[in-house]
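Subject: A structure for you to look at

Hi there,

I am passing on the structure we talked about, with the sequence alongside. Have a look at it first, and then read on for what turned up.

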Amino acid sequence: MNVVQDTDKLLLTALKKGDELAFSVLYDRYWAELYTMCYRRIGDEDAAKDIVQNIFVNLWTSRKEILIENTLAPYLNRAVRNRTISFYKKNMASMSRDAQFQHEQVQYAPDSSLDAKELEAVINDEIASMSDTMRKAFVLSRHENKSIREIATELSLSEQTIKNNISQALDRLRKKTQSFYAEPANILGVLIILLTKP
């Protein structure tokens, strides 16, 4: 067995048995790609490195429970997306305060939590008004982190149909939330929608 040239499937099988060499090969195979993807989204080198490092730490510690059939890429891509969103959730408040301090003309809105609830209500109402297929495809993709292929199989539809429905759902949500773009306190909700475009 030539570990370096092996497919993800073979490497993942070895990884589940605690093979450190297999883990090292997967790490080398995907680290640069994940770092680039993460850095482009958050623009912070150190934070991007920490996020990717944590993803691989989780891969190792959870190796026996992770269910991956053929390739590791979809799993890692979803992990980057989810952790990027978490990064924004944790850092948006301080980033907003820093921007307000620098410009000195934007004041912190005391009712920002109310605005966030309003945004969430707008999003939930729009999702509820979608067609059954569009709503299911969107929820399975965004809330359950399923791949296009998994959703297509579950709903007995083509992958292209699923892609189209998710894309249309995102377009509807972006249009519906346009009124929130101008408010710094609401930007997180909008960012989450934009960051999760397939």
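Arg 135 is partly exposed, with a relative accessible area of 26%. Please keep in mind throughout that this is a predicted model.

What does Arg 135 pair with? Its side chain forms a salt bridge with that of Asp 132, at 2.9 Å from N to O. Asp 132 also meets the side chain of Lys 136 in a salt bridge, here at 3.2 Å from N to O. Taken together, Asp 132, Arg 135 and Lys 136 form a linked network of salt bridges.

As for accessibility, Asp 132 is partly exposed at 39% relative accessible area, and Lys 136 is partly exposed, with a value of 39%.

The structure holds 5 salt bridges. One of them joins Arg 172 to Glu 126, with the closest N and O atoms 2.8 Å apart. This pair links distant parts of the chain: Arg 172 sits in helix α8 (residues 159-176) and Glu 126 in helix α5 (residues 112-128), 46 residues apart. Are the two partners buried or exposed? Arg 172 is partly exposed, with a relative accessible area of 28%, whereas Glu 126 counts as buried at 10%.

**The fold as a whole**

Stepping back, the chain has 9 helices and 0 strands. Of its 198 residues, 38% count as buried. Among contacts between residues at least 6 apart in sequence, 61% join residues at least 24 apart.

As background, nonpolar side chains in soluble globular proteins tend to be buried together. Here, the largest nonpolar core has 30 residues, and those with the most contacts inside it are Tyr 30, Ile 42, Leu 59 and Leu 72. The elements giving two or more residues to this core are α1, α2 (20-42), α3 and α4. Helix α2 supplies the largest share, 9 residues. There is also a second, separate core of 15 residues, which includes Phe 138, Leu 140, Ile 151 and Ile 166.

Leu 72, leaving aside its neighbours within four places in sequence, is in contact with Asp 8, Leu 12, Leu 26, Tyr 30 and Leu 59. Leu 26 lies in helix α2 and is buried, with a relative accessible area of 0%. With the neighbours within four places in sequence again left aside, Leu 26 is in contact with Asp 8, Leu 11, Leu 12, Leu 15, Phe 56 and Leu 72. The C-alpha atoms of Leu 26 and Asp 6 are separated by 9.9 Å, and the two residues are 20 apart along the chain.

**One cavity**

Rolling a probe the size of a water molecule over the atoms shows where empty space is left. How many cavities of 30 Å³ or more does the structure hold? There is 1, and the largest cavity has a volume of about 40 Å³. Its lining is made up of Leu 12, Leu 15, Lys 16, Leu 59, Arg 63, Ile 66 and Ile 68. Helix α1 (residues 8-16) gives the largest share of that lining, 3 residues. Sorted by class, the lining has 5 nonpolar, no polar and 2 charged residues.

Several of these names come up elsewhere. Leu 59, in the cavity lining, is also among the residues with the most contacts inside the largest core. Leu 12, another lining residue, is in contact with both Leu 72 and Leu 26.

**A serine in a loop**

Last, Ser 62 lies in the loop between α3 (45-61) and α4 (73-103). Is Ser 62 buried or exposed? With a relative accessible area of 19%, Ser 62 is buried, because the cut-off for that label is under 20%. The C-alpha atoms of Ser 62 and Lys 16 are separated by 8.8 Å, although the residues are 46 apart along the chain. Lys 16 is also one of the residues that line the cavity.

Best wishes, and happy exploring

Technical notes: Residues numbered from 1 in each chain as written. Predicted model: local features only at pLDDT ≥ 70, side-chain atom pairs only at ≥ 80, totals over all residues. Heavy atoms only, no water. Helix = DSSP H or I, 4+ residues; strand = E, 2+ residues; numbered from the N terminus. Buried < 20%, exposed > 50% of the residue type's maximum accessible area, 1.4 Å probe, protein only. 1 Å grid on protein atoms, 1.4 Å probe; cavity = no way out; pocket = protein on both sides within 12 Å on 5 of 7 lines; lining within 4 Å. Points joined across faces, edges and corners; volume = space filled by probe spheres on them. Nonpolar A, V, L, I, M, F, W, Y, C, P; charged D, E, K, R; others polar. Salt bridge = Lys/Arg side-chain N within 4 Å of Asp/Glu carboxyl O. Core = buried A, V, L, I, M, F, W, Y, C linked by side-chain atoms within 4.5 Å. Contact = heavy atoms within 4.5 Å.
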